[in-house]
Amino acid sequence: MSTEVRDVTDADLDAVVGLFLQYLAFYEHAADEQRVREFLTARFASDDTLLLVAEVTPGGAVVGLAQAYQSWSSVSLGPVWVLNDLFVDPSARGSGAGRALVREICDRAKEAGAIRVSLATAWDNVAAQGLYESEGFARDVSFLHYAKVTGG
């Protein structure tokens, strides 16, 4: 079994919506399918994101997704990417799909001239932390990150 990572196509939308709903449930955020479909369709149609899928072959089943946004670092005076979403169907975990998605995001960020890829994960998501650290991501010990909910 091998994993292929590629850009999302229109034909992937149903599979990506299903994975994204599972991803939101993992983080205990409920969302209806139509709202998720509209969000992903808008992201897919815009230039503000890179949305990838992982397929396991043979068979070609879409088993994972990754989404990264481009941003800027004022301190570093350069572009950065934020790996905002990464999810692999539980039945495909351990297949290498998550690792392949992370590597592809990092490769594309480097090719685009980004100075770094940043991400966040839950404190208790030890499996994801292990993956990220094994791929060279370092836990931030210099800055505290804050968020304020301002709507919806």
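Is Glu28 buried or exposed? Glu28 is exposed, with a relative accessible area of 74%, where exposed stands for over 50% relative accessible area, buried for under 20% and partly exposed for values in between, with a 1.4 Å probe and protein chains only.

The structure is a predicted model, in which local features need pLDDT of at least 70 and side-chain atom pairs count only at pLDDT 80 or more, while totals for chains, interfaces and linings use all residues. Residues are numbered from 1 along each chain as its sequence is written, and side-chain values use heavy atoms, with hydrogens and water left out.

**The chain as a whole**

The chain has four helices and five strands, which are DSSP runs numbered from the N terminus (helices are H or I with at least four residues, strands are E with at least two). Along the sequence these elements follow the pattern β-α-α-β-β-β-α-β-α. A compact globule of 152 residues would have a radius of gyration near 15 Å, and the chain agrees with this because its own value is 15 Å; the radius is taken over C-alpha atoms, and the globule rule is 2.2 Å times the number of residues to the power 0.38. The C-alpha trace spans about 45 × 35 × 30 Å along its principal axes, and 36% of the 152 residues count as buried.

**Two helices in contact**

Two packed helices are described by the angle between their axes and the distance between the axes. For helix α1 (residues 13-26) and helix α2 (residues 33-45), the axes come within 10 Å and cross at roughly 115 degrees; axes are lines fitted to C-alpha atoms, for helices over the stretch in contact, and angles run from 0 to 180 degrees between N-to-C directions.

**Two loop residues with positive phi**

Glu28 is placed in the loop between α1 and α2, and Leu77 lies in the loop between β3 (61-73) and β4 (78-88). Glu28 is not a glycine, although its phi is positive, and Leu77 likewise has a positive phi without being a glycine.

| Residue | Phi | Relative accessible area |
|---|---|---|
| Glu28 | about 60 degrees | 74% |
| Leu77 | about 55 degrees | 76% |

Leu77, like Glu28, is exposed.
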